[in-house]
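Here is a short briefing for a reader who is new to this structure.

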Amino acid sequence: MTADVCLVIEGTYPFVTGGVAGWIHQLIRALPEVRFALFHIAAAKGAEAPPLAYELPPNVVDLTTFGIHGGDEPPQPGDPIPAAVWEDVRAFHDELRDSKFTGLEALLAGLAPTPSRGPSGHDFIYGKPSWTVVRALYEARAPDVSFIDYFWTWRFTHLPIFRLLRAELPEAHVYHTVSTGWAGLAATLTRARTRRPMILTEHGIYSRERRMEIDQTEWIYVQRQMPMSLSVGQAFFKELWSRLFHRLSQITYAQADLIVTIFEGNRIAQIQDGADPAKTLVIPNGIAVDRFAALGRVPSEPDEFRVGFVGRVVPIKDLKTFIRAFRIVAGSIPGARATIVGPIDEDPGYQAECAGLATTLGVEDRLTFWGAVDVGLVYPKVDVVVLTSVSEGLPLVLLEAAAASLPVVATDVGACRELLEGRGPEDRALGPSGIVTSMADPGATAGAILTLARDPELRREMGRAGLARVRAYYQEADLVRSYREIYRRLAAQAAVQ
Amino acid sequence: MAGIGFQLKKLIAKGNYAGWLRAHIYGAVISAGPWLLSITTLATLSLLSRNIVRGAEHTLARSIIVYAYTFSLITTGAAQMVVTRHLADCLYVGDEGAFLRAFRWTIGTTALCHAALAAVFYALGPDLPPGVGLIGAVLFVVVACLWMTMVFVGAMRDYVSVVWAFLVGHVLSLGAALAAGWHWGVLGFLGGFTLGQAAIYFVLAARVEHEFAQAKEPQRRRGIRHAFRRYAPLAVAGFFYNLAISVDRLVFWASSEGVRVRPWLYGSLYDAPLFFAYVSIVPAFAIFLVNVETDFYDGYRRYYGVVTKHGTLRQVLEAKAGMTASLREGLRRLGLVQLPVTLGLIVLAPQLARPLALDSLQIAILRAALVGAGLHVLTLFGMIILLYFDRRRAALEVTGVLLGLNLGLTMTTLWLGPRFYGHGYALAALASALWAYRRLEETLADLEFLTFASQPLSPEVEPILPPERAAAGAPAVLGGS
């Protein structure tokens with residue numbers, strides 16, 4: 001049975017919890033009349049899947065998992081491909097270099113018109129024609145870099161592509177990929193082959209997140225037996241990797257019928273990266289505002305001031321900056337206490353470092369790790385919510401805090417400024433619902449917390465503004481309505497074709 | 001482990017003709033020495049022993065020795081090739097500790113298997129004087145173990161020990177056979193000969209044991225049994241090759257030209273010309289060994305060095321061109337020396353009839369066999385170079401061509417008549433040489449593709465390079481008896 005929507009997902013729902021996974025779960029549950037098929041891409045060998053982290057709603061009719069990494073390609077003969085098509089493959093790389101993506105449909109029609117046709121993974125990795133293409137590209141573009149590194153970088157960057165060329169996505173009226181990257185490529189290939197409509201929702205900007213990761217990586221690839229740091233030309237190979245992800249995003253932008261993101265800053269980034277502005281759209285995340293608005297308050301003890309941190313204990317949240325900031329706050333306010341709420345098992349090493357830092361700074365008895373608990377129990381017991389992340393999309397915690405009428409201190413990343421100060425003029429007129437600080441700056445974060453600690457009236461005012469803002473712009477119902485409408489429109493458009 | 005290439009280069013580095021000549025004589029001695037000594041010993045024995053062991057007994061003794069050499073080469077062919085490769089793999093990853101374990105396993109298995117084979121063979125052979133079958137069996141086992149030991153000493157590059165061991169051992173074989181034959185007839189003759197061969201084996205085995213007595217513990221990796229499964233094509237190639245170099249003589253033995261000694265022992269007029277033809281290619285061995293150990297091996301190492309040490313593709317191709325040029329230069333030199341020798345012998349063949357005790361038909365066979373041996377040696381060298389580039393399947397094809405054609409065409413020549421004797425071998429050698437040349441040209445043309453694109457993605461399969469000197473020691477196995 002053809003599903004209504006096939007969600008193409010990379011390394012998250014329904015196997016890994018997190019912001020994006022929660023969003024997907026929310027969307028599926030809120031659209032019970034839509035039949036969803038899930039195509040999940042894992043950085044694993046083959047199709048073995050980890051245990052589910054979510055209970056699948058009944059309207060999920062299919063779950064397919066697909067591994068893009070792994071070991072050897074079995075020597076399986078593919079279809080013979082005329083030399084002219086291999087020349088098209090080479091020429092397509094020139095198109096990519098010039099940021100043109102028009103040739104994809106024609107290329108696929110010649111090379112691999114369906115997932116079961118075309119060269120096998122083994123052909124691509126070990127075959128002479130693809131060697132000829134790689135060699136021609138090397139000679140034209142990088143004749144002075146180490147060839148063995150170029151070659152292995154090509155293999156590792158392209159192996160997932162060759163795998164995905166052979167990936168059979170579930171049959172659906174509309175394809176909805178929840179990122180660019182490999183998921184974007186899988187959806188793009190299906191779009192280019194079947195002409196079924198495809199939409200993209202990007203929470204974080206995939207290519208930029210990958211670039212950040214790559215810049216921080218010591219090893220670009222580990223070559224068998226001799227792990228090798230590329231002392232010479234390392235920048236070149238990092239650039240190759242980054243560019244690959246950039247191109248994947250661009251290809252996805254070019255094929256998508258609609259490019260959605262969750263806040264304005266991301267939309268601008270997408271357009272900078274080549275997305276057609278006419279296809280872009282912001283649909284912010286939404287929450288069930290009333291649930292949080294209805295939470296009561298547990299009054300604080302006299303002289304007590306309660307700071308809350310809600311998020312996974314991982315480096316990207318920069319909890320260490322929070323702990324340093326709290327140390328400054330604690331120095332000024334003897335009754336200050338901090339509560340850290342969120343899973344601590346994702347990066348136990350980092351959690352231990354953070355706990356160690358708290359001890360070193362002498363605040364360990366005023367700072368508690370609560371682990372993963374229901375946030376509904378947390379918001380009534382804090383006076384301010386703090387976020388110190390170095391990277392964010394549109395963090396749910398800020399919506400929840402606002403719905404619970406809590407003021408917020410947040411770093412200037414992702415949608416935080418839009419969320420605290422307003423997006424359009426009407427939104428801004430509601431007033432600020434928190435204080436935006438610079439990243440990795442404990443002094444600034446502490447200063448903002450102290451400002452709020454010393455001014456109960458300001459806290460109340462910001463709480464009111466926050467609640468008004470989420471009521472107006474960040475309702476779950478609005479998000480659901482938007483996607484229901486998009487799915488309906490695209491499915492109808494597909495039916496007309 | 002003395003690097004033979006290093007010593008050769010030292011000789012050549014003297015920069016004069018004498019140094020060059022000495023290097024090549026040295027090369028000839030170490031590559032063909034053991035085999036030349038074996039032939040010389042046999043020839044000397046048959047000349048000197050006539051007055052000691054007479055008539056049918058003499059032929060019987062000779063046949064038992066020839067059998068031991070011929071069949072042990074065939075039965076150890078597969079193991080020689082696989083063990084050679086296994087040792088090269090061990091050396092490549094620096095696991096010299098595995099040598100001793102592999103050596104003992106190999107010798108134990110070889111001895112057991114060949115004892116079983118010999119037991120069956122001599123048990124079935126009727127009418128043998130008591131004890132002769134037993135000594136024949138012992139000789140068979142000893143010689144088989146000797147071939148396998150040569151693989152180990154070859155991997156150590158210790159050719160000098162081989163040559164000395166063979167020299168001493170053969171003198172001992174000769175002396176003991178004649179002395180014991182004088183006293184105890186055919187039994188003593190065979191026993192004495194076997195004693196000398198056993199001495200060679202024990203000297204070389206002690207050499208291996210001594211060399212690796214101090215080696216560190218073997219790494220915990222897959223052993224030699226795994227190598228047989230993994231290198232099955234190599235095993236087949238080794239078996240094919242060793243069978244191919246004897247199959248024409250076996251065909252003659254079995255034909256109406258064969259000389260029956262006992263119900264299952266043969267010889268033929270074809271044997272002697274073939275042996276002399278083999279002797280004619282000693283110069284080619286010398287040139288090949290010197291070239292492979294010096295220029296080619298340097299170029300080979302430079303090529304893979306550039307590949308792994310992050311060279312650009314242009315540098316890789318330059319290194320390939322250098323290596324290819326050294327191969328072509330080696331081939332040119334080989335032709336320059338071998339061609340006049342072979343042609344000269346063909347022209348002078350009639351004059352050789354008397355000193356070599358060959359009749360006119362055998363002279364005609366000798367002429368064809370001289371051509372065959374010249375081409376055969378090209379086949380062998382092509383195959384060795386193919387193995388340097390890890391082209392196992394191509395090597396298998398080459399040996400398959402040589403075996404199939406040598407068998408088929410030799411049978412055809414028997415059917416066509418005496419005028420064609422020897423031409424089957426020559427044609428088979430021509431075809432296999434051309435095949436090897438074609439595969440080698442393809443390999444060289446595509447080398448960078450093969451080097452990079454054939455590397456498997458998963459780590460556990462193979463090292464990044466074809467293990468160096470995969471074919472080390474192979475020159476020593478040409479011919480036999």
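Predicted model: local features only at pLDDT ≥ 70, side-chain atom pairs only at ≥ 80, totals over all residues.

In chain A, an open sheet of six strands has parallel pairing. Chain B has 15 helices and zero strands.

**The six-strand sheet of chain A**

- The strand order is β10-β9-β8-β11-β12-β13 in chain A.
- β10 (367-371) and β13 (434-437) of chain A stand at the edges. Each has a single partner strand, so one side of each has no neighbour in the sheet.
- From one strand to the next, the twist averages 20 degrees.
- Inside this order, β11 (residues 384-387) and β12 (residues 408-411) of chain A pair in the parallel sense. Three bridges join them.
- Which residue in β12(A) is the bridge partner of A:Val385? That partner is A:Val408.
- Helix α17 (residues 442-453) of chain A lies across β8 (305-310), β11, β12 and β13 of chain A. The helix α17 of chain A runs at about 165 degrees to β13(A).

**Strand β6 of chain A and its partners**

- Strands of a sheet pair through backbone hydrogen bonds, either parallel or antiparallel.
- Strand β5 (residues 198-202) of chain A runs parallel to β6(A), and four bridges join the two.
- Across that pairing, A:Thr201 stands opposite A:Val260 in β6(A).
- Strand β7 (residues 280-282) of chain A also pairs with β6(A) in the parallel sense, over three bridges.
- In β7(A), A:Thr280 is the bridge partner of A:Ile259.
- In a regular strand the side chains alternate between the two faces of the sheet.
- Strand β6 (residues 258-261) of chain A has A:Leu258 and A:Val260 pointing one way. A:Ile259 and A:Thr261 point the other way.
- Are these four residues buried or exposed? All are buried.

**Two crossing helices of chain A**

- The axes of helix α14 (residues 396-403) and helix α18 (residues 456-473) of chain A come within 7 Å. They cross at roughly 115 degrees.
- That angle makes α14(A) roughly perpendicular to α18(A).
- The crossing of α14(A) past α18(A) is left-handed.
- On the α14(A) side, the contact uses A:Leu399, A:Ala402 and A:Ala403. On the α18(A) side, A:Gly463, A:Gly466, A:Leu467 and A:Val470 meet them.
- By class, this contact of α14(A) with α18(A) has five nonpolar, two polar and no charged residues.

**A closer look at A:Ile214**

- A:Ile214 sits in helix α8 (residues 206-216) of chain A.
- Why does A:Ile214 count as buried? Its relative accessible area is 8%, and buried means under 20%.
- A:Ile214 and A:Ile283 are 69 residues apart in sequence. In space they are 29 Å apart, C-alpha to C-alpha.

**Chain B and B:Thr106**

- Of the 481 residues of chain B, 58% count as buried.
- Take contacts in chain B between residues at least 6 apart in sequence: 83% join residues at least 24 apart.
- Helix α4 (residues 98-124) of chain B holds B:Thr106.
- B:Thr106 counts as buried, because its relative accessibility is 4% and the cut-off is under 20%.
- Which residues does B:Thr106 contact, leaving aside its neighbours within four places in sequence? They are B:Val83, B:Met148, B:Phe152 and B:Ile224.

Notes: Residues numbered from 1 in each chain as written. Chains lettered and ligands numbered in written order. Heavy atoms only, no water. Axes fitted to C-alpha atoms, helices over the stretch in contact; angles between N-to-C directions. Parallel < 35°, antiparallel > 145°, perpendicular 65-115°, else oblique. Left-handed = near helix turned anticlockwise from the far one by under 90°. Contact = heavy atoms within 4.5 Å. Nonpolar A, V, L, I, M, F, W, Y, C, P; charged D, E, K, R; others polar. Buried < 20%, exposed > 50% of the residue type's maximum accessible area, 1.4 Å probe, protein only. Pairing = 2+ DSSP bridges.
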